[in-house]
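Welcome! Let's take a friendly walk through a few helices of this structure.

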Amino acid sequence: MSAAAQDIRLHWFLPTQGDGRRLVEGPRPAGRAGGPRAATLGYLTQVALAAEELGFEGALTPTGLWCEDAWVSTAMLSQRTERLKFMIAFRPGLVSPTLAAQMAATFQRQSGGRLLLNVVTGGDAEEQRALGDRLDKDARYERTAEFLAIVRELWRGEQVDLDGARLSVSGAQLEALPAPAPPIYFGGSSPAALDVAARHVDVYLSWGEPPALLREKLAAVQALADRQGRRLRLGIRLHVVCRDSAAEAWREAERLLDGIPAETIAQIQARLRRSESEGQRRMLSLHNGTASELEVAPNLWAGVGLARGGAGTALVGSHEEVAERIAEYAALGIGEFVLSGYPHLEEAYWFGEGVLPLLRRRGLVGEPGTSSAERDGAVPPGEGLPHVPFAVRGASSARDTDLEAVAGGADGRR
């Protein structure tokens with residue numbers, strides 16, 4: 001298989017908040033199929049097994065008070081699957097970095113190396129306060145930087161002593177290391193987020209924006225990484241609605257919004273406008289709260305963002321059109337696609353049976369079950385990262401220490 005065939009890694013989504021045939025469930029006429037699907041272990045297992053069978057590499061599990069806990073859910077699902085990896089959205093700072101490093105190492109061992117860690121700093125101050133976190137946005141990113149630096153050192157087997165601006169650990173060390181260290185995924189669009197990504201993560205994720213807008217942001221984060229002597233993998237988070245014809249796909253996309261009252265959309269938009277997330281602001285700017293012009297680029301539909309926060313765009317079209325749009329994003333340097341659709345079980349099959357064969361024919365993805373170790377020779381997670389010294393206990397602030405180089409969400413909001 002050619003090197004080009006190893007470039008794209010496809011991931012699906014586990015709807016631990018529940019699932020359904022519409023973006024917002026409401027009353028439906030008698031005799032019409034639909035209704036909410038609870039996020040039971042049985043249903044999530046169906047989605048996970050479908051993703052595994054179809055050839056997705058991993059599945060993102062969100063974080064938030066609106067969904068089931070990602071660690072507990074995926075720990076159970078890992079015992080019902082064989083190859084599928086689990087991209088666990090995780091908020092740094094709500095548990096200690098030492099405990100988080102241990103949790104990740106345990107999951108990696110018990111799952112057979114199937115953990116992908118998606119770090120979500122959090123862009124919603126109201127939700128962060130509900131979780132007991134009162135730091136402002138800049139301070140949260142500063143904490144994320146310290147958190148990731150500590151976790152990286154622990155995964156290398158180092159003893160860590162740090163009295164930083166936001167976090168403090170003394171004599172921290174893991175008894176058993178993860179093998180391999182799980183790759184760290186991370187998203188955010190603010191300058192602070194881009195700087196954290198450039199210094200500390202393996203894969204930078206963006207919500208789905210038109211290629212012209214996305215190109216500038218990806219260039220900015222990679223330029224920052226270049227200054228650190230690092231190369232990032234780039235990823236994108238998108239919904240998909242693909243059918244045998246474009247007309248069918250667009251009818252399905254429009255149906256996702258059917259029956260949602262205008263006042264409900266207005267309430268959702270008002271709530272989203274209070275978010276501190278720069279990524280959320282960029283999503284809102286694509287439609288400005290109205291349904292008049294929702295195709296914001298060829299086959300890129302912003303309708304999801306009218307009714308839901310987080311990733312607000314979907315690729316909509318025939319299987320050939322969606323494959324073409326994915327190829328265009330890949331040409332921007334994007335190598336990881338985190339996809340979803342409503343409902344997630346059926347849409348996994350529409351994409352897996354319709355689009356995936358076309359991507360394989362183009363040489364963009366491998367066959368189901370291809371090991372990521374057999375892929376494009378990427379540097380293993382954690383290698384190529386600067387070693388951050390930690391003999392800094394007693395320092396008055398991060399600026400007075402070797403952490404001066406450390407600056408300072410998927411779904412799992414950021």
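Axes here are lines fitted to C-alpha atoms, for helices over the stretch in contact, and angles run from 0 to 180 degrees between N-to-C directions. Please keep in mind that this is a predicted model.

## Helices α1 and α13

Start with helix α1 (residues 41-54) and helix α13 (residues 344-354): their axes come within 9 Å and cross at roughly 5°. Angles under 35 degrees count as roughly parallel, so α1 is roughly parallel to α13.

Who makes the contact? From α1 come Tyr43, Gln46, Val47, Ala50 and Leu54, while α13 brings His344, Leu345, Ala348, Tyr349, Gly352 and Glu353. Sorted by class, the contact of α1 with α13 has 7 nonpolar, 3 polar and 1 charged residues.

## Helix α9 and its two sides

Helix α9 (residues 262-273) has 12 residues, and from first C-alpha to last it reaches 16 Å, close to the 16 Å expected at 1.5 Å a residue.

Which residues of α9 are buried? They are Ile265, Ile268, Gln269 and Leu272. An α-helix has 3.6 residues a turn, so residues three or four places apart point the same way. The cover over the buried residues of α9 includes α10 (278-285) and α11 (304-307). On the other side of α9, Glu263 and Gln267 are exposed.

## Helix α12

After α12 comes Gly333, with a positive phi near 105°.

How values were computed:
Residues are numbered from 1 along each chain as its sequence is written. This is a predicted model: local features need pLDDT of at least 70, side-chain atom pairs count only at pLDDT 80 or more; totals for chains, interfaces and linings use all residues. Side-chain values use heavy atoms; hydrogens and water are left out. Helices (H or I, at least four residues) and strands (E, at least two) are DSSP runs, numbered from the N terminus. Angles under 35 degrees count as roughly parallel, over 145 as roughly antiparallel, 65 to 115 as roughly perpendicular and the rest as oblique. Contact means heavy atoms within 4.5 Å. Ala, Val, Leu, Ile, Met, Phe, Trp, Tyr, Cys and Pro count as nonpolar, Asp, Glu, Lys and Arg as charged, and the others, Gly among them, as polar. The expected span of a helix is 1.5 Å times one less than its number of residues. Buried means under 20% relative accessible area, exposed over 50%, partly exposed in between (1.4 Å probe, protein chains only).
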